[in-house]
Amino acid sequence: MAYQTFQQEYLQIPLVTRAYTTACVLTTAAVQLELITPFQLYFNPDLILRNYQVWRLITNFLFFGPVGFNFLFNMIFLNVAITSLTFISRYRYCRMLEEGSFRGRTADFVFMFIFGGLLMTIFGIFVSLVFLGQAFTIMLVYVWSRRNPNVRMNFFGLLNFQAPFLPWVLMGFSLLLGNSIIVDLLGIAVGHVYYFLEDVFPNQPGGGRWLKTPSIIKMLFDTPDHDANYNPLPEDRPGGFAWGDGQQLGG
């Protein structure tokens, strides 16, 4: 019964969120079981170019470190509900993006992953980061927070603030934990580039939509009319989000 319940809940998670979260958990589990080592996963341009170890372009996004608070912290913010940050529930930030502003637009969500990953990889070369998973998580949180400006957040019962401040609060918390804020700043920077190109610039005088999902990605991931009760948003609407319709959190 418990397994069937878990399976049902697991299969209800949207495709991209399910795939990415599963990959992160399996990669970390493989390291814990000593099937592989972090040295086989980290981002190293020399090994990628000279030894053709191209898997490092992906695996560096999947490993968050040994199982512990830092790993759980990142998993929470890949998949945690917004009702409050004081407890974990079934919904997650990545999932809310996929089911919210990217609902019915799986290909666009995949393209955001690709765009963010490529830009983060380029920036990562200059800041000498070997694992970019946490920065990628912050990018997802940043995009979600900017698309939900009216949502009120509660951070461990200590701070109340609007959603757009969430990435900065997380960066402060990371600083308190003794972590480098370069990772958080990288995630915020890449998230802002995507948000600006997708949601801001197209609405400016003389602006336009620069980020267009390639047709091959749409062909692979988009399944039209998969939900008869859902009316897809117009393709030419930047971000595809009903601005200002945030939800009240907490009590």
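Modeller: A salt bridge here is a side-chain nitrogen of Lys or Arg within 4 Å of a carboxyl oxygen of Asp or Glu. By that cut-off, Arg105, Asp108, Glu198, Arg209 and Lys218 are linked in a network of salt bridges in this predicted model. The structure holds six salt bridges. The helix to look at is α10, which spans residues 182-200.

α10 has 19 residues, and the distance from its first C-alpha to its last is 25 Å, close to the 27 Å expected at 1.5 Å a residue. Its buried residues include Val183, Leu186, Gly187, Ile188, Val190, Gly191, Tyr194, Tyr195 and Leu197. The charged residues Asp184, Glu198 and Asp199 are also buried. The buried residues of α10 pack against α7, α8 and α9.

One contact point can be followed from the other side. Met120 touches Leu186, Gly187 and Val190, and its contacts also include Phe61, Leu132, Ala135, Phe136 and Met139, leaving aside neighbours within four places in sequence. Met120 is one of the four residues that touch the most other members of the largest nonpolar core, along with Met112, Phe113 and Trp144; that core has 49 residues. α10 is among the elements that give two or more residues to the core, as are α2, α6, α7, α8, β1 and α9.

Now the charged pairs. Glu198 meets the side chain of Arg209 in a salt bridge, 2.4 Å from N to O. Arg209 lies in the loop between α10 and α11, while Glu198 is in helix α10, so the pair ties together parts that are eleven residues apart in sequence. Both Arg209 and Glu198 are buried.

Asp199 forms a salt bridge with Arg147, at 2.8 Å from N to O. Arg147 sits in the loop between α8 and β1 and Asp199 in helix α10, so this pair ties together parts that are 52 residues apart in sequence. Asp199 and Arg147 are both buried.

Glu99 is partly exposed, with a relative accessible area of 35%, whereas Arg95 is buried at 6%.

Conventions. Residues are numbered from 1 along each chain as its sequence is written. This is a predicted model: local features need pLDDT of at least 70, side-chain atom pairs count only at pLDDT 80 or more; totals for chains, interfaces and linings use all residues. Side-chain values use heavy atoms; hydrogens and water are left out. A nonpolar core is a set of buried Ala, Val, Leu, Ile, Met, Phe, Trp, Tyr and Cys residues joined through side-chain atoms within 4.5 Å. Buried means under 20% relative accessible area, exposed over 50%, partly exposed in between (1.4 Å probe, protein chains only). Helices (H or I, at least four residues) and strands (E, at least two) are DSSP runs, numbered from the N terminus. Contact means heavy atoms within 4.5 Å. The expected span of a helix is 1.5 Å times one less than its number of residues.
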